[in-house]
Amino acid sequence: MSPTPHVLLFPLPMQGPVNCMLKLAELLCISGITVTVLNTDYIHRTLIRHSNVLTRFSSYDNLRFKTISDGLPEDHPRSGQRFLDLFDGMKTVTEPVFREMMVSGCFSFKSDPPVTIIIPDASFSFALDVAEEVGIPLFYFETVSPSALWTYLCLPKLIGAGEVPFNGNDLNVLIKNVPGTETFLRRRDLPSFCRLDDVDNLVTKIIMKEARCVPRAHGLILNTFQALDETVLVHMRKLCPDIYCIGPIHTLYKSLVTTQSSVSNSLWEENATCLSWLDTQVTRSVVYVSIGSMAMMTVEQLFEFWHGLVNSGKPFLWVQRPGSVIGEYDHNLVPKRLIDETKQRGFITTWVPQEAVLAHSAIGGFLTHSGWNSTIESIIEGVPMICWPQNVDQQVNSRFVSEVWKVGIDIKDTCDRGIVEKAVRDVIDVRKTEFIESTRMLAELGGQSVAEDGPSVMDLNRFIKTITTL
Ligand code: UDP
């Protein structure tokens, strides 16, 4: 019998990836596997402050936390336009420290077995070099959508064929070199960095490295379920044969670990009073608005959304994350009608327990930036989306939402009060029946995937068996 594996999880220091990896940590722990979670100092401190993680995880005697510097000063915002600084900080500080930790074996507490499996975020290409150097198998955990990852994996081909870069021209031209998507993926639906004038920029370099490293890993873990992403998985498996689809991870977690809705790995303080406000609203009447943990909007865009929401006449719950608006405005100059109607029908706050919000029966639509976690959280709750994508994988996700799964409307590259108003009315009223049907079908497939013997449960078990016998 092989010794018990000791898994090292190393999430990208962002809300979505950290939340998923902590849930994966618990899923592995309940199978008896020893787990060390490596978070940046900043993320670890923030989790302690807002989510009480240390107390919550103290019930596991096979789970440890370790921390590492992200190379940025404490007061750095680590989001919005300055998010990319994180990759500079990690390159200069985190990478060498990580390598030193792995080579010296200092990840193990005295009583623990040494690390036998590394699971980093798929954007950490440096972790693969280290894993190969120390001879420890590595499985990548991908936090972007499989469809976006597939475009990343095709990027060398897209560049070779001259399809990327396209200098922002003719955005409706169909893309030919992403197999499986030829009939619907346009230039405007490729990841945002493809719009840059040249391929010699930081993001493209990170993604190109990722595209080269992912197929070299022992395996790949995806936060999706088979039925959702079969269109691209069938092609991806030719490059990465050992894929584990264990999503939606938060639903698998609820099915196998705990059904408690109070479990939170949040990096901001959640305002749960919005749930009581939702209790007072009519079924499927409220539009929930959030652009996630990183995306930003300008003051002009904020007002287009605000007017559009108010003009739709529907109630709305709007998350305005601190620091998410670029620029300032004079609150005394906000039109009185916006203020009055927001008081009547709106609830604005800084951060909410999103999974619980999306699960609430009053929610009829989600105006989202199409981050992958938000997308899959919305899919599993059967909530139709209005997609306003900004960065990286979000452009791809929103196209799949509207054209492949048909569970929402893609308003990418527009920000106009009339379009917002129409999209809200469509989702909540005009196309309600159509969306209820399409979202229900997909949510049911997602539910089946995490039920007993469902494909995601089977893939998790297959993964545990693989790492136990390696
Ligand atoms: N989220 C939350 N409360 C909020 C807004 C977002 O808990 O008020 C969570 C959401 O449930 C999701 C994550 O933040 O799990 C955002 O991840 P996503 O991949 O959607 O977008 P990102 O923040 O990475 O751009």
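**View 1. Gly 135 in the loop between α5 (125-134) and β5 (139-142) of the predicted model.** Helices (H or I, at least four residues) and strands (E, at least two) are DSSP runs, numbered from the N terminus. Gly 135 is exposed because 6 other C-beta atoms lie within 10 Å, where exposed stands for 12 or fewer such atoms, buried for 20 or more and partly exposed for values in between, with C-beta atoms placed from the backbone. Gly 135 and Thr 116 are separated by 19 residues in sequence and, C-alpha to C-alpha, by 9.1 Å in space.

**View 2. The shell of 20 residues around the ligand.** Gly 16, Gly 292, Gln 354, Gly 371 and Ser 374 come nearest to the ligand, a residue being counted as near if its C-beta atom, placed from the backbone, lies within 6 Å. Two or more residues of the shell are given by each of α1 (15-29), α13 (354-359) and α14 (372-380), and α14 gives the most, with four residues.

**View 3. The ligand between two domains.** Domain 1 (6-265 + 450-469) and domain 2 (273-447) both give residues to the shell, so the ligand lies between them; the domain bounds come from an automatic or database domain assignment.

**Notes to all views.** Residues are numbered from 1 along each chain as its sequence is written. The protein chain has a mean pLDDT of 94, with 98% of its residues reaching 70 or more.

Technical notes:
This is a predicted model: local features need pLDDT of at least 70, side-chain atom pairs count only at pLDDT 80 or more; totals for chains, interfaces and linings use all residues. pLDDT is the predictor's confidence in each residue, from 0 to 100.
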